[in-house]
Amino acid sequence: MGTEGSVGATTQRSLGLVLGGGGIAGIAWHTGVLCGLADCGVDLSGADRLVGTSAGATVAVQVGAGRPLADLFDRQVDPASLATELTSGLSVTELWERIAPIYAESTDEEDRRRRLGRLALDADTVDEAVRRRVIAARLEGLDWADGRVSVVAVDAATGQRCVFGGSSGVDVVDAVTASCAVPGVWPPATIGGTRYVDGGIWSLTNSDLAVGCDRVVVLAPIPDRTMDAELAALGAGVTSVVITPDAPSLEAFGTDVLDPASREPSARAGRAQGRMEAARLAPLLVD
């Protein structure tokens, strides 16, 4: 299986697309933004590298496997096409009440990640197999398809980052299930005897994994405090553009990004935002 640092460099003038964490609303928003950009001739689905974390892992695999953006959008807004999602039973407010002490009391980042992993391992959640079926339904039999996609998870015991991809030997559904295993909400995913949790506890975007790309687009449903440093670490010659939710998109997210009811409004708001962002991104695609 892949580990941090296993992603190699790509060719010059390559494009990296980084899709960050943001719950069910984030999946819908990513899809809408990408579709809105494509509506205006800025199609990012052919990016040389796709880095997906949590919500972004689902969309990275879907896009990397070649699913048309219009089809992916329909799956977010058409009642006949919506995949079944579980209701977590835990509000974002309740989740924060559980994890806030960990952030307050941790001695450093590594300690924080281990504590979050322990919370995940100890939490009373749905069965792991039940959660995996939800992710499988999202992916609809898709596979890694090619070497463009990297999916980020974190070892629940050690707090170390792991990067899964087509060469990792890990089933794509298992990798995405791990990347989406929000501590305290969903069960850690077991891969090769190791339990993994949401890649967002390392970083909500993991933008540094776009290493080797000289143009990078980041879609960040929830901006991460480490993102600027991650992008800076890519090098002075790298041009990056970050898209975060505008006011209508944030309103569409509502108060709980894990709520399945957020899908349609978030997708539609994201598509509208993507259309508005197209002019800003168009120069990035000019060779």
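Gly23, Gly26, Ile27, His30, Thr31 and Leu34 of helix H1 meet Ala55, Gly56, Thr58, Val59 and Val63 of helix H2, where contact means heavy atoms within 4.5 Å. Helices (H or I, at least four residues) and strands (E, at least two) are DSSP runs, numbered from the N terminus. The model is a predicted one, in which local features need pLDDT of at least 70 and side-chain atom pairs count only at pLDDT 80 or more, while totals for chains, interfaces and linings use all residues. Residues are numbered from 1 along each chain as its sequence is written, and side-chain values use heavy atoms, with hydrogens and water left out.

Helix H1 spans residues 23–39, a run of 17 residues. From its first C-alpha to its last, H1 reaches 24 Å, close to the 24 Å expected at 1.5 Å a residue; the expected span is 1.5 Å times one less than the number of residues in the helix. H1 is mostly covered, with 15 of its 17 residues buried. Buried here means under 20% relative accessible area, exposed means over 50%, and partly exposed lies in between (1.4 Å probe, protein chains only). Just after H1, Gly41 takes a positive phi of about 85°.

The packing of H1 was examined against H2, H3 and H10 in turn. Axes are lines fitted to C-alpha atoms, for helices over the stretch in contact, and angles run from 0 to 180 degrees between N-to-C directions. Angles under 35 degrees count as roughly parallel, over 145 as roughly antiparallel, 65 to 115 as roughly perpendicular, and the rest as oblique. A crossing is left-handed if the near helix is turned anticlockwise from the far one by less than a right angle, and right-handed if clockwise.

H1 and H2 (55–64) pack at an angle of about 40°, with their axes 8 Å apart. The two helices H1 and H2 are therefore oblique to each other, and H1 passes H2 in a right-handed crossing.

For H1 and H3 (residues 69–77), the axes come within 9 Å and cross at roughly 140°, so H1 and H3 are oblique to each other. The crossing of H1 and H3 is left-handed. On the H1 side, this contact is made by Ile27, Ala28, Thr31, Gly32, Leu34, Cys35 and Ala38, and on the H3 side by Leu69, Ala70, Leu72, Phe73 and Gln76. Buried residues in H3 are Leu69, Leu72, Phe73, Arg75, Gln76 and Val77. The buried residues of H3 pack against H1, H2, helix H6 (128–139) and helix H10 (263–281).

The axes of H1 and H10 come within 6 Å and cross at roughly 40°, which makes H1 oblique to H10. H1 passes H10 in a right-handed crossing. Residues of H1 in this contact include Ile24, Ala25, Ala28, Trp29 and Gly32, and those of H10 include Arg263, Ser266, Ala267, Gly270 and Arg271.

Val172 is found in helix H7 (residues 172–179) and counts as buried, at 3% relative accessibility. Leaving aside neighbours within four places in sequence, Val172 is in contact with Val61, Leu139, Leu142, Asp143 and Trp144. Val172 and Ala252 are 80 residues apart in sequence and 29 Å apart in space, C-alpha to C-alpha.

Positive phi values also occur in residues other than glycine, among them Ser54, with a phi of about 55°. Ser54 lies in the loop between strand S2 (49–53) and H2 and is buried at 8% relative accessibility. Asn206, likewise not a glycine, has a positive phi near 50°. The loop that holds Asn206 runs between strand S6 (194–198) and strand S7 (215–219), and Asn206 is buried at 0% relative accessibility.

A search of the whole structure finds 0 disulfides, a disulfide being a pair of cysteine sulfur atoms within 2.5 Å. The sulfur of Cys180 is 15 Å from the closest cysteine sulfur, in Cys162, which is too far for a bond. Cys213 is in no disulfide either, and the nearest cysteine sulfur, that of Cys162, is 20 Å away. Cys180 counts as buried at 4% relative accessibility, and Cys213 is buried with a relative accessible area of 2%.
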